[in-house]
Amino acid sequence: MKIRFTLSRPEWTSIGYVLFFSAFITLVQNVAYYRQTMHLLDFSQRATLPFFLSMPLVIFAVLNIVFTLFAIPYLRQWAIAALLIAGASVQYFMLNWALLNKSELVTTAPHTGRLLRDANTVRHS
């Protein structure tokens with residue numbers, strides 16, 4: 001009596017693609033962002049480590065929401081158009097106002113408005 005094991009090719013569903021691409025972009029593509037943020041944060045404070053560890057979870061959740069919109073056939077074109085418009089507006093804002101990546105913007109969220117109004121942080125064109 002022979003026992004044969006047959007392996008079939010795994011089939012990916014849209015949820016599998018969403019989870020894979022979200023995890024890949026969160027863990028692999030954002031390594032430079034995590035490295036730069038590690039240098040900006042002061043790890044001597046107690047709340048800094050949980051904040052740093054929660055960043056990948058938030059990025060993964062946001063990417064899951066965005067990529068799930070791409071998985072729905074009726075919303076795919078609208079989601080791509082909205083993502084392109086949002087990305088273009090963010091790039092325009094960053095290039096026009098020349099925001100610098102300052103450590104105070106990452107560590108002190110309540111004071112971000114004051115820092116954005118500071119003449120050394122924002123360049124008006």
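**View 1. Contact between helix 1 and helix 3 in a predicted model.** Ser14, Val18, Leu19, Phe21, Ser22, Ala23, Ile25 and Thr26 of helix 1 meet Pro56, Ile59, Phe60, Leu63, Asn64, Phe67, Thr68 and Ala71 of helix 3 (contact means heavy atoms within 4.5 Å; helices are DSSP runs of H or I with at least four residues, numbered from the N terminus). By class, this contact has eleven nonpolar, five polar and no charged residues (Ala, Val, Leu, Ile, Met, Phe, Trp, Tyr, Cys and Pro count as nonpolar, Asp, Glu, Lys and Arg as charged, and the others, Gly among them, as polar). Residues are numbered from 1 along each chain as its sequence is written. Local features need pLDDT of at least 70, side-chain atom pairs count only at pLDDT 80 or more, totals for chains, interfaces and linings use all residues, and side-chain values use heavy atoms, with hydrogens and water left out.

**View 2. Ser22 in helix 1.** Ser22 counts as buried because its relative accessibility is 0% (buried means under 20% relative accessible area, with a 1.4 Å probe and protein chains only). Leaving out residues up to four places away in sequence, Ser22 touches Phe60, Leu63, Asn64 and Phe67. The Ser22 side chain also reaches the backbone oxygen of Val18 at 2.8 Å.

**View 3. Ala79 in helix 4.** Helix 4 covers residues 76-97. With a relative accessibility of 12%, Ala79 counts as buried. Ala79 touches Leu69 and Phe70, not counting residues up to four places away in sequence. From C-alpha to C-alpha, Ala79 and Val66 are 7.8 Å apart in space, and they are 13 residues apart in sequence.

How values were computed: Helices (H or I, at least four residues) and strands (E, at least two) are DSSP runs, numbered from the N terminus. Buried means under 20% relative accessible area, exposed over 50%, partly exposed in between (1.4 Å probe, protein chains only). A polar contact is a pair of N or O atoms within 3.5 Å; within protein, one must be able to donate a hydrogen and the other to accept it, and residues adjacent in sequence count only if both atoms are side-chain atoms.
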